[in-house]
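Please read the following points with the structure open beside you, and turn the model as you go. Each point takes up one topic.

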Amino acid sequence: MFLTLKLLSNRHPSFIARTVFVKNNNVDDACRLLNRILGKEGILEQFRLTRYYEKHLQTRRRINHEKCKAIYNEDMERKIKFVLRKNRHEPFPGCH
Amino acid sequence: MLTAIKNTLRIPVINLGRLFQTSAPIATEKFVHKRIPQDDEGVQGEKIIDLDSVLKSKQSLFPTLESDNLLFDGMPYNQLPICNIRVTHNNTIFTMTDAAGIVKLIRSCGMEGFKNTKKGTNIAAQTTAISIATKAIDRGVKTIRVRVRGLGPGRLAAVKGLQMGGLQIVSVTDNTHVSWNPPRPRKARRL
């Protein structure tokens with residue numbers, strides 16, 4: 001409830017979101033953690049995309065490329081998993 | 001008794017007769033469920049992504065409702081002076097404000113004597129940060145919270161430089177303006 005009240009009084013309270021405390025005077029670690037969070041949440045990507053106007057052709061091309069990459073990555077991950085699989089219930093498959 | 005010993009001896013004798021095998025051994029082994037590992041949860045670095053484990057283990061890294069009143073150097077967190085850093089590709093601007101946001105000090109890479117493209121380097125940001133830190137210490141500021149806005153080469157160097165200048169940084173906040181439904185941005189650069 002207190003949080004709601006706080007948000008009602010100020011729509012964008014600072015020093016709540018996207019904030020990392022520095023532990024043991026280790027600023028580098030805090031910055032890295034913050035950057036990683038920003039990257040993972042897609043904030044940096046959105047910032048980069050909205051810096052300049054993206055024409056529709058470019059949007060289409062980017063999205064198609066992302067789709068292809070996702071499919072390729074999924075397949076490759078499955079392949080790698082298959083090659084590296086362990087704990088086979090038959091130790092020498094196809095040998096008899 | 002003797003037969004028992006015989007029985008135990010028989011197996012190695014048979015094996016001696018077949019020193020090498022001509023065909024691959026037939027899989028007679030039964031399926032053992034124990035050999036398949038359980039789905040593990042919470043083992044670091046195996047299936048859980050690194051970031052999640054950090055978030056799980058170090059809850060104190062992030063502010064909560066109570067953290068506003070935490071004492072740092074005898075001052076509650078929300079009364080600490082703020083250092084705003086505006087990072088762009090071409091420059092880095094530092095402003096020291098008090099908790100209410102009233103500007104006390106302002107310093108930029110251009111003011112520091114860097115000109116043109118040199119303003120937008122990390123070295124420029126670091127030296128500017130050190131100079132503003134020394135100025136702030138002269139005015140009696142020791143512990144600050146940092147708020148960074150924008151992306152650029154000086155982003156990391158700026159925060160680091162403040163620490164090198166002798167200020168104690170309590171927290172680092174990102175305040176980059178990002179919108180998911182922005183007005184139309186300027187046209188793209190032609191390269």
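Which helices each supply at least two residues of the lining of the largest cavity? They are helix 2 of chain A and helix 4 of chain B. The points below describe a predicted model, and they begin with that cavity.

1. **The cavities.** When the whole structure is searched, two cavities of 30 Å³ or more are found, and the largest cavity has a volume of about 60 Å³. Its lining draws on both chains, with A:Cys31, A:Leu34 and A:Asn35 from chain A, and B:Val148, B:Arg155, B:Leu156, B:Val159 and B:Val172 from chain B. Sorted by class, this lining has six nonpolar residues, one polar residue and one charged residue.

2. **The largest pocket.** The largest pocket holds about 380 Å³ of space. Its lining is made of 16 residues, and those that lie nearest its centre are A:His12, A:Pro13, A:Ser14 and A:Ala17 together with B:Asn175. By class, six of the lining residues are nonpolar, six are polar and four are charged.

3. **The two chains in outline.** Chain A has four helices and one strand, and along its sequence these follow the pattern α-β-α-α-α. Chain B has four helices and seven strands, in the order α-α-β-β-β-β-β-α-β-α-β. Buried residues make up 16% of the 96 residues in chain A, while 32% of the 191 residues of chain B count as buried. For chain B, if one takes the contacts with a separation of 6 or more, residues 24 or more positions apart account for 57% of them.

4. **The largest nonpolar core.** In soluble globular proteins, nonpolar side chains tend to be buried together. The largest nonpolar core here has 29 residues, and those with the most contacts inside it are B:Ile85, B:Val159, B:Leu162 and B:Ile169. A separate, second core has six residues, among them A:Phe15, B:Tyr77, B:Leu80 and B:Val170.

5. **One residue of the largest core.** Leaving aside residues up to four places away in sequence, B:Leu162 touches B:Cys83, B:Ile85, B:Ala129, B:Ile132, B:Ala133, B:Ile144, B:Val146, B:Leu167 and B:Ile169. Two of these partners, B:Ile85 and B:Ile169, are also named among the residues with the most contacts inside the largest core.

6. **Strand 4 of chain B and its partners.** Strand 4 of chain B is mostly covered, with five of its six residues buried. Strand 3 of chain B runs antiparallel to strand 4 of chain B and is joined to it by six bridges, and the two form a hairpin with four residues between them. Strand 4 of chain B also pairs with strand 5 (residues 103–108) of chain B in the antiparallel sense, over five bridges. These two strands form a hairpin with five residues between them, and in the turn B:Gly101 has a positive phi of about 100°.

7. Is B:Thr97 buried or exposed? The cut-off for buried is under 20% relative accessible area, and B:Thr97 counts as buried because its relative accessibility is 5%. B:Thr97 is placed in strand 4 of chain B, and its contacts, not counting residues up to four places away in sequence, are B:Pro81, B:Ile82, B:Asn84, B:Ile102, B:Val103 and B:Lys104.

8. **A residue of chain A that touches chain B.** A:Gln46 is found in helix 3 (residues 43–49) of chain A. With a relative accessible area of 13%, A:Gln46 is buried. Once residues up to four places away in sequence are set aside, A:Gln46 touches B:Val178, B:Ser179 and B:Trp180.

Note on methods. Residues are numbered from 1 along each chain as its sequence is written. Chains are lettered from A and ligands numbered from 1 in the order in which they are written. This is a predicted model: local features need pLDDT of at least 70, side-chain atom pairs count only at pLDDT 80 or more; totals for chains, interfaces and linings use all residues. Side-chain values use heavy atoms; hydrogens and water are left out. On a 1 Å grid over the protein atoms alone, a cavity is a set of points where a 1.4 Å probe fits but cannot get out, and a pocket is an open set with protein on both sides within 12 Å along at least five of seven lines; lining residues have an atom within 4 Å of a point. Grid points are joined across faces, edges and corners, and a volume is the space filled by probe spheres set on the points. Ala, Val, Leu, Ile, Met, Phe, Trp, Tyr, Cys and Pro count as nonpolar, Asp, Glu, Lys and Arg as charged, and the others, Gly among them, as polar. A nonpolar core is a set of buried Ala, Val, Leu, Ile, Met, Phe, Trp, Tyr and Cys residues joined through side-chain atoms within 4.5 Å. Buried means under 20% relative accessible area, exposed over 50%, partly exposed in between (1.4 Å probe, protein chains only). Contact means heavy atoms within 4.5 Å. Two strands pair if DSSP finds at least two bridges between them.
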